[in-house]
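Visitor: Can you walk me through this one? Keep it quick.

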Amino acid sequence: MEAFSTGTLAGAGSFKCESCGFAIALQAHDEIPSCPHCKSGRFRRSSMFEDPADADVSPPDLAEPDWLEEARDALVAEGQYVAYEDGERVHVIPLEEEWTRLGRSLAAHIRLDDPTVSRRHAILHRGEGGARILDDRSLNGVFVNGERSDWHELRDGDEIAVGRFRLYFMSLTGDAPRVDREEVGSAVG
């Protein structure tokens, strides 16, 4: 892997994959990752004023991970949770606040440390009507069940893609019935 540390590409900034247009944000001495979308390693400097809708970037289709049902079964208290895998570790985070910030920033409640994640990527809002995810003007967008979304009402079992991370919303309150994503896929297709 190479790092942009000198010349015109020095410092932090936005970069796009030359192959597919997937955007990443790098800090001063970050190493250039492989593109999470197409696996290319070639990026070019990008303007923060480019319209991210111009890039054809959608997360790859991934089956529900093996660890998700085990994580759900381990929960003992009713509530709403977000579960995700980072490396070899599975994180299950209870949603207790009305607003939960997701991003690369140290101020984020759920910190996702990767250049494909914006500092302020998304916000989870919990209210009387349920939970929703809102894109917080991120570079790469938020995808819910494979579709890009600025905001989306969450249901138990929804997959939320934030950069390279796949987070799963779990609701054990009885308010939101669990949806089998394969049934949804076969009903749509």
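Visitor: Fine. What should I know before reading values off it?

Guide: It is a predicted model, where local features need pLDDT of at least 70, side-chain atom pairs count only at pLDDT 80 or more, and totals for chains, interfaces and linings use all residues. Residues are numbered from 1 along each chain as its sequence is written, and side-chain values use heavy atoms, with hydrogens and water left out.

Visitor: How many helices and strands in the chain?

Guide: The chain has 2 helices and 14 strands. These are DSSP runs numbered from the N terminus: helices are H or I with at least four residues, strands are E with at least two.

Visitor: How much of the chain is buried?

Guide: 43% of the 189 residues count as buried. Buried means under 20% relative accessible area, exposed over 50%, and partly exposed in between (1.4 Å probe, protein chains only).

Visitor: And the accessible surface?

Guide: About 10,800 Å² for the chain, with 47% belonging to carbon and sulfur atoms. The areas come from the Shrake-Rupley method with a 1.4 Å probe; for residues, only the protein chains shown count as cover.

Visitor: Now β14. Which of its residues are buried on each side?

Guide: On one side, Phe165, Leu167, Phe169 and Ser171 are buried; on the other, Arg166, Tyr168 and Met170 are. That makes 7 of 7 residues in the strand, which spans 165-171.

Visitor: Which strands are joined to β14 by bridges?

Guide: Strand β4 (residues 80-86) runs antiparallel to β14, with 5 bridges. Strand β13 (residues 159-162) is also antiparallel to β14, with 4 bridges. Two strands pair if DSSP finds at least two bridges between them.

Visitor: What sits between β13 and β14?

Guide: A hairpin turn, with 2 residues between the strands. Glycine 163 in that turn has a positive phi of about 60°.

Visitor: Switching topic. How many salt bridges are there?

Guide: The whole structure has 7. The test is a side-chain nitrogen of Lys or Arg within 4 Å of a carboxyl oxygen of Asp or Glu.

Visitor: What does arginine 72 pair with?

Guide: Aspartate 156, with the closest N and O atoms 3.2 Å apart. Arginine 72 is in helix α1 (residues 67-74), while aspartate 156 is in the loop between β12 (151-154) and β13, 84 residues apart.

Visitor: Is that pair buried or exposed?

Guide: Arginine 72 counts as buried at 10% relative accessibility. Aspartate 156 is buried too, at 2%.

Visitor: And what about arginine 164?

Guide: Arginine 164 meets aspartate 114 in a salt bridge (2.9 Å, N to O). Aspartate 114 lies in the loop between β7 (110-111) and β8 (122-127), and arginine 164 in the loop between β13 and β14, so the pair ties together parts 50 residues apart in sequence. Aspartate 114 is buried at 13%, whereas arginine 164 is partly exposed at 37%.

Visitor: Which residues are joined into a network?

Guide: Asp86, Asp114 and Arg164, through salt bridges that share partners.
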